[in-house]
Amino acid sequence: MNAVTTSTHPAARAADAEWTGARTEEASRVVSGARERIDALDDRIIGLIQERMAVSAVIQEARIASGGRRVNLARETEVLSRYRDALGRRGTTLAMTVLELCRGTV
């Protein structure tokens, strides 16, 4: 068991509250559980981005080998629109970051 669900010592509860920002033990448990889920989601997102980077590198290598350019701006515009349509204005910022990560140095 973790300290959040078992701590009864005042100092331990204070540390839990500081870590979670919650003011009750129940809220602290909720926050801790949700953070575990977020951490798992972040691990999956990072893995997917790494996979996307690898696929993008294959595309770039093929394009360059055929005499083309590393980056296809028309395609990047499609990706930006897709993220913006799904996530709003901030989706564009996210897409720009993903595209930058995936451009690599091929």
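The protein on the screen has five helices and zero strands. A helix here is a DSSP run of H or I with at least four residues, a strand is a run of E with at least two, and both are numbered from the N terminus. Read from the N terminus on, the elements go α-α-α-α-α.

A word on the source. This is a predicted model, in which local features need pLDDT of at least 70 and side-chain atom pairs count only at pLDDT 80 or more, while totals for chains, interfaces and linings use all residues. Residues are numbered from 1 along each chain as its sequence is written, and side-chain values use heavy atoms, with hydrogens and water left out.

Next, burial. I call a residue buried under 20% relative accessible area, exposed over 50%, and partly exposed in between, with a 1.4 Å probe and protein chains only. The areas come from the Shrake-Rupley method. Of the 106 residues in the protein, 16% are buried.

Now helix H3, which covers residues 25–65. Which residues of H3 are buried? They are Ser28, Ser32, Ser56 and Gln60. After H3 comes Gly67, with a positive phi near 95°.

H3 also contains Glu36. Together with Asp39, Asp42 and Asp43, Glu36 forms a negative surface patch. Asp and Glu count as negative, Lys and Arg as positive, and His and the chain ends are not counted. A patch takes residues with over 30% relative accessible area and no salt bridge, and joins like charges within 9 Å. The charge is placed at CG of Asp or CD of Glu.

That brings me to salt bridges. The rule is a side-chain nitrogen of Lys or Arg within 4 Å of a carboxyl oxygen of Asp or Glu. How many salt bridges does this rule give? The count is three.

One joins Arg75 and Glu78, at 3.2 Å from N to O. These two residues are three apart in helix H4, residues 73–87, so about one helical turn separates them. Arg75 is partly exposed, at 44% relative accessible area.

Another joins Arg103 and Glu76, at 2.7 Å from N to O. This pair links distant parts of the chain, since Arg103 is in helix H5, residues 89–103, and Glu76 is in helix H4, 27 residues apart. Is Glu76 buried or exposed? Glu76 is buried, with a relative accessible area of 12%, whereas Arg103 is partly exposed at 22%.

There is also a salt bridge between Asp85 and Arg84, whose closest N and O atoms are 3.8 Å apart. Asp85 is exposed at 62% relative accessibility, and Arg84 is partly exposed at 38%.

Last, Glu100, which lies in helix H5. Glu100 is exposed, with a relative accessible area of 57%.

Methods. Patch = residues over 30% accessible without salt bridge, like charges linked within 9 Å, V, L, I, M, F, W, Y side chains within 5 Å. Areas by Shrake-Rupley, 256 points an atom, 1.4 Å probe, with all protein chains shown as cover.
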